[in-house]
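The following explanation leads a new reader through selected features of one structure. Please keep the sequence and the model in view while reading.

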Amino acid sequence: MADNEKKMLVAMSGGVDSSVAAYLVREEGYFPLGVTMMLHDQDLSCTAGTHLCCTPDDIEDARVVCSSLGIPFHVVNFMDGFREKIIDNFVETYLRGETPNPCIDCNRYMKFGKLFEMADEEECEKVVTGHYANVEYDETQFRYRLRRAVDLTKDQTYVLYFLSQDQLARLYFPLGRFEKSDARDLAEREGLIVARKHDSQDICFVPDGDYAGFMEREASVQVKQALEKAMEKYNEKYGKFLDVDGNVLGTHKGYYHYTIGQRRGLGIPAADRLYVVDIIPERNQVILGANEDLFTREVKAKDFNLISLPDADKIIKDTDEKQMRVTAKVRYRAKDTSGVLTLKSDNTAIMLFDEPVRAVTPGQSLVIYDGDYCLGGGTIVS
């Protein structure tokens, strides 16, 4: 039996990153326990030509990797709660005229939550994943901090902003110090079958990328009823494309087919490019405008999780209503933009950017940074 202080539970997705993470943990002298999570009905993900996670092939790849590394492997059924927490929330967010990020929700409510429960059951000291990020302890703040990965092109701190201090204390991200190319080279050198496997990109429960079609097919009875009620308004009076001045430009398929910043697939002839700049679900209206209509300086967020504070010279106010100078991103691939964040005692936040940012989308995440450190984030509401 392994020393409990050296046991680590490794989340195995069947991809190259988690496989290398398991290898590194073993090489560092720990006893890894490989775990693959079954999160949803596998029939939803068995579609050729997609780059998905959590497929039967992924489970088999994880099994083979663990066998080659000589470490235990388990498949655990975490399907309970996935529909309620992830799928129904995905649909309900679109029904509100917002754009969800189900991978963040899955990490928050399913993967990390369930993994820590299992780690306790197996008496594992740490939970290990293949995320590109780093965890450090700050002796001055007496808090754990989430730091960007060495490979900034693969940094995943944006999707980890929700982590708590208790979770950070027990998390280990071995790949935070690696370039992605080095991780692949290591996997190839060690003969891991996933060395050149594609990274997962698509939402695992929408294999064909047709989000609107998925909503109509797979939503629960309650959510379908809400959808049908919303779409009863789709008639000659509603279901319109409007310009920013309220002029009717044409009809559309239903507001939930669109997202802020979208340009393709509108089907509206125009001399200049048109973009979705607003969605009004209660009227089934989609507002179209020019690129410049997509820019704003003020962003509001809810359910804000503050991991740590910035350096002292960046703190403007540290009371019940905190105010700090930070940089922030409004989507995963967005650039860091500086500004002032005001965080209120009810965990709502307002970010006032120094310069306008483009296509801020309710339902996505506002994530703040101080240099290399991710300080936290919340869900954009407006």
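Which residue in E6 does Asp138 stand opposite? The residue that stands opposite Asp138 is Arg143 in E6. The model in which this pair is seen is a predicted one.

The pair belongs to two strands that run antiparallel, E5 and E6, which are joined by 5 bridges. In general, strands of a sheet pair through backbone hydrogen bonds, in either a parallel or an antiparallel manner. Strand E5 spans 134-138 and strand E6 spans 143-147, and the loop between these strands contains Phe142. The hairpin of E5 and E6 has 4 residues between the strands. As a rule, most residues other than glycine have a negative phi. Is Phe142 buried or exposed? Phe142 has a relative accessibility of 60% and therefore counts as exposed, since the cut-off for that class is over 50%.

Strands E15 and E16 pair in the antiparallel sense, over 5 bridges, and Leu341 stands opposite Met351 in E16. Here E15 covers 337-343 and E16 covers 349-358, with Asn347 in the loop between them. This hairpin has 5 residues between the strands. Asn347 is not a glycine, and yet its phi is positive, at about 65°. With a relative accessible area of 39%, Asn347 is partly exposed, because that class lies between the limits of 20% and 50%.

Strand E16 also pairs with strand E12, which comprises residues 295-306. E12 and E16 are antiparallel and share 6 bridges. In this pairing, Lys300 stands opposite Ile350 in E16.

Attention may now turn to an open sheet. What is the order of its 4 strands? The order is E9-E8-E11-E10, and the pairing is mixed. Strand E9 (248-251) and strand E10 (275-280) stand at the edges; each has a single partner strand, so one side of each is left without a neighbour in the sheet. From one strand to the next, the twist averages 30°. Strand E8, residues 240-243, is joined to E9 by 3 bridges, and these two strands run antiparallel. Between them, Leu242 stands opposite Val248 in E9.

The last feature concerns helices. Two packed helices are described by the angle between their axes and the distance between the axes. Helix H1 (residues 16-27) packs with helix H6 (residues 180-189) at an angle of about 70°, and their axes are 10 Å apart. H1 and H6 are therefore roughly perpendicular to each other, because angles of 65 to 115 degrees fall in that class. The crossing in which H1 passes H6 is left-handed. On the side of H1, the contact is made by Val16, Asp17, Val20, Tyr23 and Leu24. On the side of H6, Lys180, Ala183, Arg184, Leu186 and Ala187 take part. Sorted by class, the residues in the contact of H1 with H6 are 7 nonpolar and 3 charged, with no polar residue.

How values were computed: Residues numbered from 1 in each chain as written. Predicted model: local features only at pLDDT ≥ 70, side-chain atom pairs only at ≥ 80, totals over all residues. Heavy atoms only, no water. Pairing = 2+ DSSP bridges. Axes fitted to C-alpha atoms, helices over the stretch in contact; angles between N-to-C directions. Parallel < 35°, antiparallel > 145°, perpendicular 65-115°, else oblique. Left-handed = near helix turned anticlockwise from the far one by under 90°. Contact = heavy atoms within 4.5 Å. Nonpolar A, V, L, I, M, F, W, Y, C, P; charged D, E, K, R; others polar. Buried < 20%, exposed > 50% of the residue type's maximum accessible area, 1.4 Å probe, protein only.
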